[in-house]
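Biologist: Please walk me through how to read this model, one feature at a time.

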Amino acid sequence: MNNWSFFREAIRNFRSTGAIARASPLLIKRLIESVPSRVPLTVIELGPGDGCITSALLGRLHSESSLTAFEINPAFVQRLGCLADPRLRVLPVGAELLTDHFSPGSVDFVVSSLPLSMIPQVTKEEIIRQAQVVLRPEGHFLQYQYALQDYGLLKDSFDKVSVGFTLANLPPAFVYSCSLGLV
Ligand SMILES: C[S@@+](CC[C@H](N)C(=O)[O-])C[C@H]1O[C@@H](n2cnc3c(N)ncnc32)[C@H](O)[C@@H]1O
């Protein structure tokens, strides 16, 4: 899928996609640069779309890591199936089902490009709550967003939240790194 195909899919499903362009390579770099590559990790991706962040994660992750992607758009799920990599599992279900698939404290990183501002408040609070449950005490929740609408929700949910910003995306984006601060 190229940028044009992503654009068409995004227009068809604007409420669930919440973007007209994929994340830029520089935004992806900022988002995942804190993910270690030398140790095996359990990583979840929420809202992978056509896989631009997924591919970058697979390029970075240790050979014994696992990456599980939660994606609700069937066209994107089909596209993700082309990323044949034994470390990748694609679940065609919503991010609000995280705890059905992972036990508490079992995940190192949750990397999300969910369009939080388009998701109903109750649903996004549930997604964040489940991310907290599945993360290890030293785990991290990484998210980008085009404005700071959900900074308050993330501040209330995690003990430590840092925010970065990159102009090198359409539109420019904020990058959150959140942790439970338990270690
Ligand atoms: C802004 S796009 C991100 C695409 C790509 N990861 C990127 O950053 O360019 C948001 C993605 O989240 C997916 N999505 C929206 N709500 C979701 C949910 N509740 N669970 C899983 N995926 C969801 C959409 O289908 C879409 O693929």
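Modeller: Start with the naming of elements: helices and strands are DSSP runs, numbered from the N terminus. The model is predicted. In these terms, P171 is found in the loop between β6 (160-166) and β7 (173-179).

Biologist: What joins L170 and P171?

Modeller: The general idea is that most peptide bonds are trans. Here a cis peptide bond joins L170 and P171, with omega at about -10 degrees.

Biologist: Now the ligand. Which residues come nearest to the ligand?

Modeller: A residue counts as near if one of its heavy atoms lies within 4 Å of the molecule. The ligand has 22 residues around it, and A23, E71, A95, S113 and Y144 come nearest. By class, this shell holds twelve nonpolar, seven polar and three charged residues.

Biologist: Which elements give two or more residues to the shell around the ligand?

Modeller: They are α2 (14-17) and α4 (52-60). The space taken by the ligand is the largest pocket.

Biologist: How many aromatic pairs are there?

Modeller: Ring centres must lie within 6.5 Å, and the count comes to six aromatic pairs. One of them, F70 with F102, is tilted, at 6.5 Å centre to centre and 45 degrees between the planes.

Biologist: Why does the pair of F70 and F102 tie together parts apart in sequence?

Modeller: F70 lies in strand β2 (residues 66-70) and F102 in the loop between α6 (98-101) and β4 (107-112), so the pair ties together parts that are 32 residues apart in sequence.

Key. Residues are numbered from 1 along each chain as its sequence is written. This is a predicted model: local features need pLDDT of at least 70, side-chain atom pairs count only at pLDDT 80 or more; totals for chains, interfaces and linings use all residues. Side-chain values use heavy atoms; hydrogens and water are left out. On a 1 Å grid over the protein atoms alone, a cavity is a set of points where a 1.4 Å probe fits but cannot get out, and a pocket is an open set with protein on both sides within 12 Å along at least five of seven lines; lining residues have an atom within 4 Å of a point. A molecule sits in a cavity or pocket if more than half of its atoms lie within 2 Å of its grid points. Helices (H or I, at least four residues) and strands (E, at least two) are DSSP runs, numbered from the N terminus. Ala, Val, Leu, Ile, Met, Phe, Trp, Tyr, Cys and Pro count as nonpolar, Asp, Glu, Lys and Arg as charged, and the others, Gly among them, as polar. Rings of Phe, Tyr and Trp (its six-membered ring) pair if their centres lie within 6.5 Å; planes under 30 degrees apart count as stacked, over 60 as edge-to-face and the rest as tilted.
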